[in-house]
Amino acid sequence: MLVLANDHGGLILREPIIEILNELNVPYRDIGTGSPESTDYPLWGYRAAKLVADGECDRGIMMCGTGVGMSLSANKIKGIRCVVCSDCYSAKLSRAHNNVNMLALGGRVVGPGLAKMIVKVWLETPFDGGERHSRRVKMIGDIEQGIDLG
């Protein structure tokens, strides 16, 4: 199960993303917002990230004006590795090398067509799982736990 969240700045991408999720038969939980009224991206980023961190959802896709605010908010939650993407190459490698569990997109940065391509690549790319990438993902977790890598 994937969680889907957006603020008013990401609303333009909401329907195209739902469209591609349906095309790919990806089950999702849409937590909103469906309104163009101004709202606070940290709230949506937090809510979505908590669902992933708590294991209620496997991964998440979030949308705000640039993707940056949602990503910053989500990455404050232990266990979250969220990437902001505006290209398919970064989407692919963020999954293959970094095993990211959340994707943030900017409604004012990418158009609906590109957003759908990014989501498709991101969803279909597995984690490489090799020793080198697994070691680095573990190091990110160690940093999150307060372990000094110095």
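Lys50 counts as partly exposed, at 28% relative accessibility. In this predicted model, Lys50 forms a salt bridge with Asp54, the closest N and O atoms being 3.6 Å apart. The structure holds nine salt bridges. The points below cover the ion pairs, the packing of helices, a nonpolar surface patch and the placement of one proline.

**Salt bridges**

- Asp54, the partner of Lys50, is also partly exposed, with a relative accessibility of 47%.
- In helix H5, Glu124 and Lys120 are four residues apart and therefore separated by about one helical turn.
- The side chains of Glu124 and Lys120 meet in a salt bridge with an N to O distance of 2.9 Å.
- Glu124 has a relative accessible area of 47% and is partly exposed; Lys120 is partly exposed as well, at 34%.
- Helix H6 holds both Lys138 and Asp142, four residues apart, or about one turn of the helix.
- A salt bridge joins the side chains of Lys138 and Asp142 (2.9 Å, N to O).
- Lys138 counts as exposed because its relative accessibility of 51% lies over the 50% cut-off.
- Asp142 is buried, because its relative accessible area of 15% is under 20%.

**Helix packing**

- Two packed helices are described by the angle between their axes and the distance between the axes.
- Helix H4 (residues 88–96) packs with helix H5 (residues 112–124) at an angle of about 20°, and their axes are 8 Å apart.
- H4 and H5 are therefore roughly parallel to each other, and H4 passes H5 in a right-handed crossing.
- Helix H1 (residues 11–23) packs with H5 at an angle of about 40°, with the axes 9 Å apart.
- That angle makes H1 oblique to H5.
- The crossing in which H1 passes H5 is right-handed.

**Nonpolar surface patch**

- Met139, Ile143, Ile147 and Leu149 make a nonpolar surface patch of about 340 Å².
- Met139, one of the patch residues, lies in helix H6, which spans residues 131–144.
- The relative accessible area of Met139 is 34%, so this residue is partly exposed.

**Pro42**

- Pro42 lies in helix H2 (residues 41–53) and counts as partly exposed, at 38% relative accessibility.
- Between Pro42 and Ile31 there is a separation of 11 residues in sequence and of 14 Å in space, C-alpha to C-alpha.

Terms used. Residues are numbered from 1 along each chain as its sequence is written. This is a predicted model: local features need pLDDT of at least 70, side-chain atom pairs count only at pLDDT 80 or more; totals for chains, interfaces and linings use all residues. Side-chain values use heavy atoms; hydrogens and water are left out. Patches are made of residues with over 30% relative accessible area and no salt bridge: like charges are joined within 9 Å, nonpolar side chains (Val, Leu, Ile, Met, Phe, Trp, Tyr) within 5 Å. Accessible areas come from the Shrake-Rupley method with a 1.4 Å probe; for residues, only the protein chains shown count as cover. A salt bridge is a side-chain nitrogen of Lys or Arg within 4 Å of a carboxyl oxygen of Asp or Glu. Helices (H or I, at least four residues) and strands (E, at least two) are DSSP runs, numbered from the N terminus. Buried means under 20% relative accessible area, exposed over 50%, partly exposed in between (1.4 Å probe, protein chains only). Axes are lines fitted to C-alpha atoms, for helices over the stretch in contact, and angles run from 0 to 180 degrees between N-to-C directions. Angles under 35 degrees count as roughly parallel, over 145 as roughly antiparallel, 65 to 115 as roughly perpendicular and the rest as oblique. A crossing is left-handed if the near helix is turned anticlockwise from the far one by less than a right angle, and right-handed if clockwise.
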